[in-house]
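This report describes helix packing and surface pockets in one protein model. The sequence and structure come first, followed by the text.

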Amino acid sequence: MTPDQRAAAAAQYFNEGYNCSQSVALAFADVLEEKTGLDRKAAADLASAFGGGFGRQREVCGSVSGMTLAAGAVLPSDPSDQNSRTACYAFEQKLCARFREEHGSIICRELLGLRAGQKETPEPSARTPEFYHARPCQALVASAARILAEELERI
C-alpha cells in the first residue's frame, strides 16, 4: 500500500469507530500479521488502551502510539543487541519528530487544545457528526499512518 492508501485506511477505521491508536495500527494490520503473526483483532485489541492519549488521559497521542506499535513490528529491539535497540529508538524518534513538526506536539491534550490538568472521564466521546467536525483526530491518524508508511519506504 502507498502512504496515501495507508493514511486513507487509518482515517476510514477512525470513521468506523476505532480509536486513534487502533486506526493507525489497523492501517498496518498486514505488516503486523506478516512480521508478528498478529491478526487484525489482536492488533486492534493491543492498541485499544492507547486511545485518547493512554485511556483518555490525554498524554501521548493515540495516533503516535499506534504508529509506534506498528513500527516496533518492523524494527524490533533485541535486548541483547545494542545496535537493534539503537536502530529501533532512532526510527521512533524520527517518526515522532516528523509528527511533532507537522502538528506542533505529540501530546493529545495539546493537539486538542485542552488545559493541562483537565480531568477526563474514561467514557469515550459519542461518535456524532459534531465529534468528527470538532476534533482533529481523523487528520492526525491519517498523518501518523502516512508518516510511518513514508519512513518505512526509506528503510
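Axes here are lines fitted to C-alpha atoms, for helices over the stretch in contact, and angles run from 0 to 180 degrees between N-to-C directions. The model is a predicted one. On that basis, H3 and H6 pack at an angle of about 35 degrees, and their axes lie 9 Å apart.

**Helix pairs**

The crossing of H3 past H6 is left-handed. On the H3 side, the residues that meet H6 are Val31, Leu32, Lys35 and Thr36, and their partners in H6 are Leu69, Ala70, Ala73 and Val74. By class, this contact of H3 with H6 has six nonpolar residues, one polar and one charged.

H3 (residues 29-36) also packs with H2 (residues 20-27), where the axes come within 4 Å and cross at roughly 65 degrees. Angles of 65 to 115 degrees count as roughly perpendicular, and H2 and H3 are therefore roughly perpendicular to each other. Ala25, Leu26 and Ala27 of H2 make this contact with Ala29, Asp30 and Leu32 of H3. Five of the contact residues are nonpolar, none is polar and one is charged.

H2 passes H4 in a right-handed crossing. From H2, the contact takes in Ser21, Gln22, Ala25 and Leu26, and from H4 it takes in Arg40, Ala43, Ala44 and Ala47. The contact of H2 with H4 divides into five nonpolar, two polar and one charged.

**Pockets**

| Pocket | Volume | Lining by class |
|---|---|---|
| Largest | About 360 Å³ | 13 nonpolar, ten polar, four charged |

Which residues lie nearest the centre of the largest pocket? They are Asn19, Gly51, Gly52, Arg56 and Arg127, out of 27 lining residues. Helix H5 (51-54), helix H6 (62-74), helix H8 (108-112) and helix H10 (137-153) are the elements that give two or more residues to this lining.

The second largest pocket is lined by Arg56, Gln57, Arg58, Glu59, Arg109, Leu114, Arg115, Gly117, Gln118, Lys119 and Glu120. Arg56 therefore lines both pockets, as lining residues have an atom within 4 Å of a point.

Methods: Residues are numbered from 1 along each chain as its sequence is written. This is a predicted model: local features need pLDDT of at least 70, side-chain atom pairs count only at pLDDT 80 or more; totals for chains, interfaces and linings use all residues. Side-chain values use heavy atoms; hydrogens and water are left out. Angles under 35 degrees count as roughly parallel, over 145 as roughly antiparallel, 65 to 115 as roughly perpendicular and the rest as oblique. Contact means heavy atoms within 4.5 Å. Ala, Val, Leu, Ile, Met, Phe, Trp, Tyr, Cys and Pro count as nonpolar, Asp, Glu, Lys and Arg as charged, and the others, Gly among them, as polar. On a 1 Å grid over the protein atoms alone, a cavity is a set of points where a 1.4 Å probe fits but cannot get out, and a pocket is an open set with protein on both sides within 12 Å along at least five of seven lines; lining residues have an atom within 4 Å of a point. Grid points are joined across faces, edges and corners, and a volume is the space filled by probe spheres set on the points. A crossing is left-handed if the near helix is turned anticlockwise from the far one by less than a right angle, and right-handed if clockwise.
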